[in-house]
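Subject: Structure for your files

Hello,

Here is the structure for you to look through. My notes on it follow below.

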Amino acid sequence: MLLARDPAGHAGISHPGATAFLLESLREAGADQQVAALLARDPAGQCELDDQGMVITLAWCLHNAGADDQVSVLLSRLSAAGEWSLLDEIHESTGLEVPQKQ
């Protein structure tokens, strides 16, 4: 019944923690169409970057969902913002390759 209400299409995606929770919940429910709809909204390009712990969580959840293009978007945004310590933390926490400071 809840999936019929299109949570992926209506939920706010600016908070990385809430987005990560929704993404994981949809994946666990086997709601592949809702996962695809959520990812199509570009959560990595739309989320706020100020909650560092939740940004790391979102990066990990996107990676687990196979949305490496979204992970790249998020990492590029962090690189452009000069968030090098956060990028290092994402790498340490998730093992994902991250842009290097140049």
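Asp42 sits in the loop between helix H3 (32-40) and helix H4 (43-46). Please keep in mind that this is a predicted model.

Asp42 is not a glycine, yet has a positive phi of about 65 degrees. With a relative accessible area of 24%, Asp42 is partly exposed, since buried would require a value under 20%.

Now the chain as a whole. Its secondary structure amounts to seven helices and zero strands, so that the order of elements from the N terminus reads α-α-α-α-α-α-α. The radius of gyration is 13 Å, close to the 13 Å that the globule rule gives for 102 residues, so the chain is as compact as a globular protein of that length. Along the principal axes, the C-alpha atoms fill a box of roughly 50 × 20 × 20 Å.

Two further figures describe the chain. Of its 102 residues, 36% count as buried. Among contacts with a separation of 6 or more, 61% come from residues 24 or more positions apart.

Next, a pair of helices. Two packed helices are described by the angle between their axes and the distance between the axes. For helix H5 (residues 52-64) and helix H7 (residues 84-94), the axes come within 10 Å and cross at roughly 50 degrees. H5 and H7 are therefore oblique to each other, and their crossing is right-handed.

Which residues make the contact of H5 and H7? On the H5 side they are Gln52, Val55, Ile56, Ala59 and Trp60. On the H7 side they are Leu86, Glu89, Ile90, Ser93 and Thr94. Sorted by class, the contact of H5 with H7 has six nonpolar, three polar and one charged residues.

Last, a note on Pro7, which has its place in helix H1 (residues 7-10). Pro7 counts as partly exposed, at 23% relative accessibility. Between Pro7 and Gln46 there are 17 Å in space, C-alpha to C-alpha, and the two are 39 residues apart in sequence.

To find these places in the model, go to Asp42 for the positive phi, to H5 and H7 for the right-handed crossing, and to Pro7 for the residue in helix H1.

Regards

Definitions and conventions
Residues numbered from 1 in each chain as written. Predicted model: local features only at pLDDT ≥ 70, side-chain atom pairs only at ≥ 80, totals over all residues. Heavy atoms only, no water. Axes fitted to C-alpha atoms, helices over the stretch in contact; angles between N-to-C directions. Helix = DSSP H or I, 4+ residues; strand = E, 2+ residues; numbered from the N terminus. Parallel < 35°, antiparallel > 145°, perpendicular 65-115°, else oblique. Left-handed = near helix turned anticlockwise from the far one by under 90°. Contact = heavy atoms within 4.5 Å. Nonpolar A, V, L, I, M, F, W, Y, C, P; charged D, E, K, R; others polar. Rg over C-alpha atoms; globule rule 2.2 N^0.38 Å. Buried < 20%, exposed > 50% of the residue type's maximum accessible area, 1.4 Å probe, protein only.
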